[in-house]
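Visitor: I would like to learn how to read a model of this kind. Could you take me through it feature by feature?

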Amino acid sequence: MTEALLSVENFTLARAGVAVLDDISLVLPRGRSLALIGESGAGKSTLAYAAMGLLRPPEVALRGRLQVGDADVASAPERRLRALRGARMGLIFQDATAALNPCFTVLQHLSEPLRRHRGLARTACRARALELLDGVGIADPERRLAAYPHELSGGMQQRVMIAIALACEPELLIADEPTSALDVTIQAQIMTLILARVRALGASVVFVLHDLALAVQVADEVAVMYAGQIVETGPAGEVLNTPAHPYTQGLRASAIEFGAQRLQPIAGVVPPLSAMPPGCRFAPRCPRASARCVQRPALTERGPRALACWHA
Amino acid sequence: MDVELAPADAPPSPPRLLRAWRRLRAQRKAVAGLAVVLAFVLAALAAPLLSPYAPTDQDFINAMQPPSAAHWLGTDSFGQDLYTRLLYGARSALWIGFASVAVGLAGGVALGLLAGLRGGRTEWLAMRVVDGLLAFPELIMAMAFMAIFGLGLSNVVYALGLSFVGPFARMVRADVLQVKQRPYVEAARLMGVPPRDIVMRHVLPNIASPILIQAGMRVSIAILLGSGLSFLGLGVVPPTPDWGLMIAEGRGFITMAPWISGIPGLALAILLVGLNLFAEGLRDALDPRTRQD
């Protein structure tokens, strides 16, 4: 196995005394892709933001280790993190329209990381910006450089976001629901583009997704999260095609599939973080819950995957 | 990708300021307002060239003359040429208008940014100061300031500037609170942009339009208040040429020589209408809600 780029060990993040992420452990080797799957509020985006070093004390309390490359994100000084952000790690937002500054042209957006992290001069920035726009498949990049975000279509804006995130050739790319704000026809294009660019750079990528079918397509590994914990993790195809954890099975069953007879929603809702059951957090909604589930199941390895369930 | 198809010399979309200017130019009332304001500015600057008299030349033999060939707009009770005083008075009116807004803007933006960005106790303290400033109507506060610090042009500017700090600070704070939680500010942090640059490059430009619009509107209010102060004897000291003073001076002769008060009053009205038209045009050109594209 190659060197780990992102490694998380017993990482707990608490906001106002409530654990939003609870005892998370995962490893992402260089050049691989990982999908974080789960319902809204499961902590997928929180984990992504924590990895970028945007959630730090005193805002939140951290425990455990969260490391990107050789930098410990939880304890590194802010200056060090600033040098990493945008340079060695990049983030693609869900909503590119909101994430692009309405006062900045495309060129200004792309120049920001290039000037800041690479120290490129104006002409060099421009040349590199053209190259980047070309790389994300924007036609007529010369003309688009001077465009403001509102003059671009949604798909084009997302392409610009990707170009910005990739401007300094990061080792780690985090894509937070990169296509959920886009038309279905554009979704596949954008996903393919992200994967192609990431492979070309040899970078690792973390996708935050809620679409299981998409996760199987784009990710090597998958981590299924529920209420701030990882409940099942392993190779994407295996975990999502033959889910072992009752929650993953529930997600599978409630996913809309073409030709499906009927949908099977998971009963109930995620309990509020402040009132989590002491044992397995999924137990109240789990069809297989038993007396044992009042104790918390540890994430244990079963072959290539790891599971946190007494019954699977 | 087919690069050949893309025209190499496609017109790049013009910079923001230029586009705002084009939108401004497209509005007739804004252009009319700007023309009026520019006419006053030019008249104020070229005053010595446009008139053979000095604004404080007194000629008691020719006092209270109606408009004539020698004195185009007549003379006042001291025999001072009203046309000349009108030109020089435009200087103090425009100076009071723009300088006091600049003072208010500087204080208000600083206080508003501090409150909006820092939050917590700092915000609480800053906003209580602003509440204190806003508790007094502009004219009352300016009068109190003049009474304490004395008369004179620069004190009028400071007095009015101080009375504008409150409204500007409130507006800046509200806009900062809104802008700072936009994803693009988060995105800038994710780019590794240090906090100071985030404020200067990402937050400020996004709140500049409403501030500019408000500033434009305030200029005419400042001129009116400045004239009001002088009229009340709490502003510029005689014999300095000032429209408010001129109106006050002619008040006693309003039945015999209505032009003494009437002419500076008319000039004031025309300038204010011009400024307001321009400010409204500015709003329409800059405000995204009224923007056409």
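**Reading the model**

Guide: This is a predicted model. Start with strand β3 of chain A, residues 33-37, which is mostly covered: 5 of its 5 residues are buried.

Visitor: Which residues of β3(A) point one way, and which the other way?

Guide: A:S33, A:A35 and A:I37 point one way, while A:L34 and A:L36 point the other way. Residues on both sides of β3(A) are buried.

Visitor: Which strands pair with β3(A), and in what sense?

Guide: Strand β8 of chain A, residues 204-209, pairs with β3(A) in the parallel sense over 5 bridges. In that pairing, A:L34 stands opposite A:V206. Strand β9 of chain A, residues 221-226, also pairs with β3(A) in the parallel sense, over 4 bridges. There A:L36 stands opposite A:A223.

Visitor: Now a helix. Why does the span of α4 in chain A agree with what it should be?

Guide: Helix α4(A) runs over residues 106-118, and its 13 residues should span 18 Å at 1.5 Å a residue; the end C-alpha atoms are 18 Å apart, so the two agree. After the helix comes A:G119, which has a positive phi near 65 degrees.

Visitor: How many residues of α4(A) are buried, and what covers them?

Guide: A general point comes before the count. An α-helix has 3.6 residues a turn, so residues three or four places apart point the same way. In α4(A), 10 of the 13 residues are buried, and the helix is mostly covered. Among the buried ones are A:V106, A:L107, A:L110, A:L114 and A:H117. The list also includes A:E112 and A:R116. The cover includes three helices of chain A: α5 (122-135), α6 (141-144) and α7 (154-166).

Visitor: How is the contact between the two chains described?

Guide: The size of an interface is often given as the accessible area lost when the parts come together. Here the description is by residues: 29 residues of chain A are in contact with 19 residues of chain B. On the chain A side, the elements that give two or more residues are α2 (78-84), α3 (96-99), α4 and α6. Of these, α4(A) gives the most, with 4 residues. By class, the chain A side divides into 15 nonpolar, 4 polar and 10 charged residues.

Visitor: What elements does chain B have?

Guide: Chain B has 11 helices and 0 strands. Its C-alpha trace spans about 85 × 55 × 25 Å along the principal axes. Of its 293 residues, 42% are buried. Among contacts in chain B with a separation of 6 or more, 70% come from residues 24 or more positions apart.

Visitor: At what angle do helices α4 and α5 of chain B pack?

Guide: Helix α4(B), residues 82-118, and helix α5(B), residues 120-134, pack at an angle of about 145 degrees, and their axes are 7 Å apart. The crossing is left-handed. From α4(B), the contact is made by B:L111, B:L114, B:A115 and B:R118. From α5(B), the residues in contact are B:G120, B:T122, B:E123, B:A126, B:M127 and B:V130. This contact has 6 nonpolar, 2 polar and 2 charged residues.

Visitor: Which backbone angles should I look at?

Guide: Most residues other than glycine have a negative phi, and most peptide bonds are trans. A:A16 is not a glycine, yet its phi is positive, about 50 degrees. This residue sits in the loop between β1 (4-15) and β2 (18-29) of chain A. A:E177 is not a glycine either, and has a positive phi of about 45 degrees. The place of A:E177 is the loop between β7 (172-176) and α8 (184-201) of chain A.

Visitor: Are these two residues buried or exposed?

Guide: A:A16 counts as exposed because it has 10 C-beta neighbours inside 10 Å. A:E177 has 19 other C-beta atoms within 10 Å and is therefore partly exposed; the cut-off for buried is 20 or more.

Visitor: Where is there a cis peptide bond?

Guide: A cis peptide bond joins B:P238 and B:P239, with omega about 5 degrees. B:P239 lies in the loop between α9 (195-231) and α10 (243-250) of chain B.

How values were computed
Residues are numbered from 1 along each chain as its sequence is written. Chains are lettered from A and ligands numbered from 1 in the order in which they are written. This is a predicted model: local features need pLDDT of at least 70, side-chain atom pairs count only at pLDDT 80 or more; totals for chains, interfaces and linings use all residues. A residue is buried if 20 or more other C-beta atoms lie within 10 Å of its own, exposed if 12 or fewer, and partly exposed in between; C-beta atoms are placed from the backbone. Two strands pair if DSSP finds at least two bridges between them. Axes are lines fitted to C-alpha atoms, for helices over the stretch in contact, and angles run from 0 to 180 degrees between N-to-C directions. A crossing is left-handed if the near helix is turned anticlockwise from the far one by less than a right angle, and right-handed if clockwise. Two residues are in contact if their C-beta atoms, placed from the backbone, lie within 7 Å. Ala, Val, Leu, Ile, Met, Phe, Trp, Tyr, Cys and Pro count as nonpolar, Asp, Glu, Lys and Arg as charged, and the others, Gly among them, as polar. The expected span of a helix is 1.5 Å times one less than its number of residues.
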